[in-house]
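Let's walk through this one together, from a single side chain out to the contact between the chains. Have the structure open as you read.

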Amino acid sequence: MIPAAFDYVRASSAAEAIQLIGQYGDEAKFLAGGHSLVPAMKLRLAQPTVLVDIGRVSDLSYIRDGGDHIAIGALTRHMDVEKSPVLAEHVPLLAHAAGHVGDPQVRHRGTIGGSLAHADPASDLPATTLALGATYVAEGPNGTREIAAADFYQGYFTSALAPDEMLTEIRVPKMGGAGWSFQKFNRRAQDWAIVGVAAWQRGSECGVGLVNMASTPVLASSVATAVAGGASAADAAEAAAADADPQGDLNASVEYRVHLAKVLTRRALEAAAS
Amino acid sequence: MTMTDNTTGVLGQRLLRREDPALLTGEARYTSDLPIPGALHLAVLRSPYARARIVSVDTSAAAAMPGVTAVFSGADLAEAWAGPMPCAWPVTEDMKSPTHYPLAVGQANYVGDGVACVLATSATAARDAIDAIDVEYEPLEAVIDLEDALSDRVVIHDEIGTNRSYTWDLKIEESEGQVDQAFADAAYSVKERYIQQRLIPAAMEPRAVAAIPQPFGGDMTLYSATQVPHILKVMTALTLGIPEHQLRVVAPAVGGGFGSKLNVYAEELLCVALAKRTGSPVRWTETRSEGNQATIHGRGQIQDIELAADSDGRLTAVRVRLIGDMGAYLQLVTPGVPLLGAFLYAGVYELPKAYDFSCTSVFTNMTPTDAYRGAGRPEATYAIERAMDSLAAEIGIDPLELRRRNFIPTASYPYEAMTGLVYDSGDHDRAATLAADMIDYAGVRARQQTQNVPGATKRLGIGVSTYFEMCGLAPSRVLASLNYGAGGWEAATVRVLPTNKIQVVTGTAPHGQGHETAWSMIVAEKMGVSPDDVDVLHSDTAIAPLGLDTYGSRSLSVGGVAIAIACDKVIDKAKQIAAHQLEANPDDLEFSGGEFRVAGSPDRAMPLAAVAFEAFTAHNLPDGLEPNLEAHTTYDPPNFSWPFGTHMCLVEVDTETGQVDVLKYVAVDDCGNQVNPLIVDGQVHGGVVQGLAQALYEEAVYDSDGNLQTSTLAEYLVPAASDVPAIETGHTVTPSPTNQLGVKGIGEAGTIASTPAVINAVVDALSGLGVRDVPMPASPNTVWRAINEAQGGQQ
């Protein structure tokens, strides 16, 4: 478990980090919590030549009330998201989902921005923020831009971020008292979800995000449409996989994933409505 | 010096383990922790193909890299070996074993098979250089399926001309014809096939090796994370042609093994051979991915079992056909594993001499298998305990009732089984009754009536398993009859130091079992001292030159008993000295509480401490008596020991997702007298979790090309503490009549009993849906599929 040789530089601000990543080019990688990147490096699946450590950019660790939304600094650790009273009040679904990421060790080191930028469809927070209609803020050499979560995920571990851009903030709309549920199904507590469902519902309006049901996190729009049309939870859940394209793996066949998505979506909608 | 005469009764106390402070604070030194100045680091290039001809190996680029001392292909080292990698258990005269060297020569035969290696001044440099070795492979078709292997459609090893290693039959003369007749006459019979999936042992500490040569004289010290320093010493000496007296093997702190460190591995031999060759220390530490590929796997069997029963459900015959998966080569005891289970396919049940067992073992292009916690016995127990549930369903009676009808009656012990083995003791009904009470068996059956109704999606299931753990390997003569390459004795030395502190030298090799604590308690009980005054020396062949190490739940019932016998010898000698000093007849002396007293004259007494000092000064010993208080024993047990018990498991299965929740787990184990119940409970907890892991979580998965799909712990699902239930332990105590401590063994009971208990519970929960079996591991996907299939595709 020895990674290939790499250089290490530490950035003290977002601007410096962006400057450094631009300087070193394509072979450089941001290092935040390191809980996805470092294991991949140890297995030599990832061999960046330079790591730009942004772990000490402390001004990107915050959770602020932004009026209609909550703004979360990209370097906020999962544990801080999980324990945040502000999120507990305004976006409880996200706080709860953050408590399901990995294990306590991962949650104390891993960051929300790192998790989202890594764009692993099996991770909990991409689908959760997608369901919540979040907007991500990216900073690059030419300034900042906003990217809707729905536009951010492009494929396995592939996001809309340019190589010299850095995710700096996540803006999550307040849930306004909507019911919610996070259904994570896995074999061991610390594992990635085999299938996960993040859902909120307010009357006939809902958002449903699916974990590990395609090469990207999936917004189950068909379910939302069915709910808007007055379908029961059970009937709406039948459409759970309509927007998905799941793959089979050691834990689940395609058929089983589709089945699980329906069962978990139904359970999530029932819980969110109650 | 103070005498502690209040320690009588130390046996049976829940003393905290003396090993734990060092282990928990990080003070303990594992092999990889040892500072070894000037050591070269070994890294091994492993075959990415399950079967491939090695066309060429170009080491030049790797050899030129910074820090690299040398690079070797398998062919480069062919002259280094005096013999091939050892297999110590040629189970039949005609057993086939392909030549196996630490690095493959000519052909690689599994993903992970070593092909070349690097020595470098740092682990990093060695690892980097591995990537620069250029190997040209010609991939060949791999054989993964056991029945495909048996067909010899593709023969893996040209030199032996077949994939069949051996066929071994358990022959019982009186059974001739009886089995067929019993099946012809049977009122009920069942025939089942079970698959024992491959498991990866995944000990907490990976393997690690360091070989340190002496610059002059040729002595060599081998440090290894091994369970078997003594066996490793003999085998390394033989394989490398090193004079055995010049080789010292040390197992420092060792973090678990579960059988996976009961072996002689390529990396151990490579480190020694290259240390010898270079004159420098050579060290190696396994990565977890290497461990998943190149440390032995466990289990790997196809089991066909048939039971015949009379109209009361009493067993009349058992027939078993196994196919054993040896993997690519035979490791140390690979072929013997199915034999260790061969005697146990009738479980704890009374069976006439109508027993027919045959095992054929085959080579495949996968990691070699070998002993893994229980080794053959969990497989056997699984088959009989699952089949008993099938038989109960066939007859239409409760599975616990069927078991009760078949238990060997307590009054029959010692019981000569149909195989000729004598079971030393048992009280199965008592253990089953206790387990049933603890889990409220009757109450659960009643709850099922209301809960498992048509349409219910949360279904309750209860599983029972009873077992014998044939352990305490073992009488050497019995091992001889199985063609095992060693005996089953254990050595012990007990030495009373001048200040009445006691040193014990044991041939056992603890790697997490708590032998230091347990052995000190045995000595304390025997000698009337505090356990704190007893030091236990082990796992270094320079300190403990004789021993057969730790595996097969043998350490207490063989090694612990050896210590007790050595204590008796010391006491006998001390008694002569005390009698001389007290001017009494030795026969008139009593020894208790660490003091010799003249019977009937309580004022005439001499504490052991005083005797020890007399023995040391030797100023006034009886004529002809040698100075010092020390005794050595080599103990060969007269029989295996036979722990038994009943485990019960309560599950709830979510039929929508296939998820199995273990609600309650009850383990009733009878391991005879308990030296330290805390350690017993720990062994049960760990064993149950490991067996439950086979039932629900773990499987080494290969694709059809022989690629290991579970090469990291992200894919190979070892359950964590958060994934397993609380385990309730109960015990009955039926002392073993074959040794003076009345002890049996407990190391493997949990893995033997728990796997069938869990699967029986899962199948019981789903029986109302028509499910008769669920393959292991019973993952949610697998359970869901089993329900679907039973429901004819409807769900």
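Is B:Arg404 buried, partly exposed or exposed? B:Arg404 is partly exposed, with a relative accessible area of 28%; here buried means under 20% relative accessible area, exposed means over 50%, and partly exposed is in between (1.4 Å probe, protein chains only). Before going on, some housekeeping: this is a predicted model, where local features need pLDDT of at least 70 and side-chain atom pairs count only at pLDDT 80 or more, while totals for chains, interfaces and linings use all residues. Residues are numbered from 1 along each chain as its sequence is written, chains are lettered from A and ligands numbered from 1 in the order in which they are written, and side-chain values use heavy atoms, with hydrogens and water left out.

Back to B:Arg404. Its side chain meets that of B:Asp429 in a salt bridge at 3.0 Å, N to O; the rule asks for a side-chain nitrogen of Lys or Arg within 4 Å of a carboxyl oxygen of Asp or Glu. B:Asp429 lies in helix 12 (residues 428-439) of chain B and B:Arg404 in helix 11 (residues 399-406) of chain B, so the pair ties together parts that are 25 residues apart in sequence. Helices (H or I, at least four residues) and strands (E, at least two) are DSSP runs, numbered from the N terminus. B:Asp429 counts as partly exposed too, at 36% relative accessibility.

Side chains of opposite charge can pair when their charged atoms come close. Over all chains, the count by this rule comes to 57 salt bridges. One of them joins B:Arg321 and B:Asp356, whose closest N and O atoms are 2.9 Å apart. That pair links distant parts of the chain: B:Arg321 sits in strand 14 (residues 315-327) of chain B and B:Asp356 in strand 15 (residues 355-363) of chain B, 35 residues apart. B:Arg321 is partly exposed at 34%, and B:Asp356 is partly exposed at 22%. Then there is B:Lys171 with B:Asp169, a salt bridge at 3.9 Å, N to O. B:Lys171 is exposed, with a relative accessible area of 69%, whereas B:Asp169 is partly exposed at 34%.

Now for some buried spots. B:Thr419 is in the loop between strand 16 (415-416) and strand 17 (422-423) of chain B, and at 15% relative accessibility it counts as buried. What is B:Thr419 in contact with, leaving aside its neighbours within four places in sequence? The list is B:Leu170, B:Ile172, B:Phe343 and B:Tyr355, with contact meaning heavy atoms within 4.5 Å. The side chain of B:Thr419 also reaches the backbone nitrogen of B:Leu421 at 3.5 Å. B:Asp764, in helix 19 (residues 749-766) of chain B, is buried as well, with a relative accessible area of 16%. Its contacts beyond four places in sequence include B:Arg445, B:Gln448 and B:Leu460.

Strand 3 (residues 68-73) of chain B is mostly covered, with five of its six residues buried. This strand pairs with strand 5 (residues 114-120) of chain B in the antiparallel sense over five bridges; two strands pair if DSSP finds at least two bridges between them. Within that pairing, B:Val71 has B:Val118 as its bridge partner. Over in chain A, an open sheet of four strands has the order 11-12-13-14, with antiparallel pairing. Its edge strands are strand 11 (179-185) and strand 14 (218-219), each pairing on one side only.

Finally, look at where the chains meet. Chain A puts 23 residues into the contact and chain B puts in 33. Together the chains bury about 2200 Å², 55% of it on carbon and sulfur atoms; buried area is the accessible area (1.4 Å probe) that two parts lose on being put together, summed over both. A:Arg187, A:Arg188 and A:Leu250 supply 32% of the area that chain A buries against chain B, more than any other three residues. The rule finds five salt bridges across this interface. One of the salt bridges in the model pairs A:Arg266 with B:Glu656, their closest N and O atoms being 2.6 Å apart. Helix 12 (residues 254-273) of chain A gives the most to the side of chain A that touches chain B, with seven residues.

Definitions and conventions. Polar contact = N/O pair within 3.5 Å; in protein donor to acceptor, adjacent residues only side chain to side chain.
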